[in-house]
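Q: I have just been handed a structure that is new to me, and I would like to talk it through slowly. Could you show it first?

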Amino acid sequence: MWPIYLLEVLAVLAAWTVVPYAIWKWGPGLRKRAVKCPITQRRAVVLADQREAEFGCLRVVDVTTCSLIPSQVLSCGKGCVARL
């Protein structure tokens, strides 16, 4: 009988480690994304700020950095947010 209890305890411990990792990995926050720039028509790597707009639904609300613009200030209109 004790192997079944040990298996149940290990399953609970595994769930407690897998669920927080999945939320950290794929949940809200800053994520690198590749997108085609609508202004230059070239591929750009951007750092997108994802937020939870509704329950279980992530939306990109802002772009903080772009590989095509070397400075930290983004002077473009951020039209690539619609493509993310």
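A: What follows is a walk through the salt bridges, some residues in the strands and helix, and a pocket.

Q: Before we start, what kind of model is this?
A: This is a predicted model, in which local features need pLDDT of at least 70 and side-chain atom pairs count only at pLDDT 80 or more, while totals for chains, interfaces and linings use all residues. Residues are numbered from 1 along each chain as its sequence is written, and side-chain values use heavy atoms, with hydrogens and water left out.

Q: OK, how many salt bridges are there?
A: There are two salt bridges, where the term means a side-chain nitrogen of Lys or Arg within 4 Å of a carboxyl oxygen of Asp or Glu.

Q: Which residue does R51 pair with?
A: R51 forms a salt bridge with D49, with a distance of 2.9 Å from N to O. The side chains of D49 and R51 are also listed as a polar contact of 2.9 Å, a term for a pair of N or O atoms within 3.5 Å in which, within protein, one must be able to donate a hydrogen and the other to accept it, and in which residues adjacent in sequence count only if both atoms are side-chain atoms.

Q: Is D49 buried or exposed?
A: D49 counts as buried because its relative accessibility is 12%, and the cut-offs are under 20% relative accessible area for buried, over 50% for exposed and in between for partly exposed, using a 1.4 Å probe and protein chains only. R51, at 47% relative accessibility, counts as partly exposed.

Q: Where does D49 sit, and what is it in contact with?
A: D49 is in strand β2, which covers residues 43–54; helices (H or I, at least four residues) and strands (E, at least two) are DSSP runs, numbered from the N terminus. Leaving aside neighbours within four places in sequence, D49 is in contact with G29, L30, R59, V60, V61 and D62, contact meaning heavy atoms within 4.5 Å.

Q: And what about the salt bridge of K78?
A: K78 pairs with D62, and the closest N and O atoms of the two are 2.9 Å apart. K78 lies in the segment after β3 (57–66) and D62 in strand β3, so this pair ties together parts that are 16 residues apart in sequence. K78 is partly exposed at 27% relative accessibility, and D62 is partly exposed at 29%.

Q: What stands out about the backbone of Q41?
A: Q41 has a positive phi of about 60° although it is not a glycine, and its place is in the loop between β1 and β2.

Q: Is W26 buried or exposed?
A: W26 counts as exposed because its relative accessibility is 60%. W26 is in helix α1, residues 2–26, and, leaving aside neighbours within four places in sequence, it is in contact with R31 and L58.

Q: Last topic: what is the volume of the largest pocket, and which residues are closest to its centre?
A: The largest pocket has a volume of about 150 Å³, and of the 15 residues that line it, the closest to its centre are C37, C66, L68, I69 and C76. On a 1 Å grid over the protein atoms alone, a pocket is an open set of points where a 1.4 Å probe fits, with protein on both sides within 12 Å along at least five of seven lines, and lining residues have an atom within 4 Å of a point. Grid points are joined across faces, edges and corners, and the volume is the space filled by probe spheres set on the points.
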